[in-house]
Amino acid sequence: MPKLVQRVILLAALGAVLINGCSQERESTPEPEWQPPEGPVSLDLDWERFDRKGRFALRQDNYPEAIQMLHRASDLRPEFAPGWELLGLAYTMAGRPGVGAQLIQKAIDLDPDQGMFYVHLGKALMDLTDYPRAREAYRRALDLGAERAKIHYDLGLIAERRDRLHDAVRHFERAIDV
């Protein structure tokens, strides 16, 4: 096996361990259980309940529940860009990246200055094997200062899948350095 291929494999594996380890640390904090208010319920409290339950379900990898709750929250507050972005992420994680990309794009249309929106759009586009658009989304995320290690790792995967091994090595090394 050529040394460059060995290096790509090693760096990709190391990057995956580092990236997944970092994300697992962030996800380990349990969401406090929502308590219903006493008295009449307003639309704001309904929205908060659906949003919190959807976020919790997403962290638990319960994508059907997350999609259901986040849909309800987004219907109540259609101007809330992070709601559409999380709903798109839930669809992407549930294996429906086409729907996910559309919903994340809706969030970007509402608030184009959120770097993580572009990271999640890049993930959905990678799942659709639309590598040129995924690269563009990740580049925009970098411009906005989003989570750099994950972006470089995913850019390395894109380069590897397109047989651009030198670029893959460069991105994997950046992901490890960040």
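The protein contains nine helices and zero strands, so that the order of elements from the N terminus reads α-α-α-α-α-α-α-α-α. Confidence in the prediction averages a pLDDT of 82 over the protein, and 74% of the residues score at least 70. Among the elements, helix 5 has the highest mean pLDDT, at 97, whereas helix 1, which spans residues 3–27, has the lowest, at 57. Over residues 23–37 the pLDDT stays under 50, and for this stretch the model shows eight contacts beyond four places in sequence.

Buried residues account for 41% of the 178 residues in the protein. The accessible surface amounts to about 10,000 Å², and carbon and sulfur atoms contribute 51% of this area. Of the contacts between residues at least 6 apart in sequence, 49% join residues that are at least 24 apart.

In soluble globular proteins, nonpolar side chains tend to be buried together. In the present model, the largest nonpolar core comprises 40 residues, and those with the most contacts inside it are Leu58, Leu87, Leu121, Met126, Tyr138, Ile151 and Ile158. At least two residues of this core are supplied by each of helix 2 (43–59), helix 3 (63–76), helix 4 (81–93), helix 5 (97–110), helix 6 (115–127), helix 7 (131–143), helix 8 (148–161) and helix 9 (165–177).

With regard to aromatic side chains, the count comes to one aromatic pair. This pair is formed by Trp47 and Phe80 in an edge-to-face arrangement, with 5.2 Å from centre to centre and 85° between the planes. Because Trp47 lies in helix 2 and Phe80 in the loop between helix 3 and helix 4, the pair ties together parts that are 33 residues apart in sequence. The two partners can also be described by their accessibility: Trp47 has a relative accessible area of 12% and is therefore buried, the limit being under 20%, while Phe80, at 25% relative accessibility, counts as partly exposed.

How values were computed. Residues numbered from 1 in each chain as written. Predicted model: local features only at pLDDT ≥ 70, side-chain atom pairs only at ≥ 80, totals over all residues. Heavy atoms only, no water. Core = buried A, V, L, I, M, F, W, Y, C linked by side-chain atoms within 4.5 Å. Buried < 20%, exposed > 50% of the residue type's maximum accessible area, 1.4 Å probe, protein only. Helix = DSSP H or I, 4+ residues; strand = E, 2+ residues; numbered from the N terminus. pLDDT = per-residue confidence, 0-100. Contact = heavy atoms within 4.5 Å. Phe/Tyr/Trp six-rings, centres within 6.5 Å; stacked < 30°, edge-to-face > 60°. Areas by Shrake-Rupley, 256 points an atom, 1.4 Å probe, with all protein chains shown as cover.
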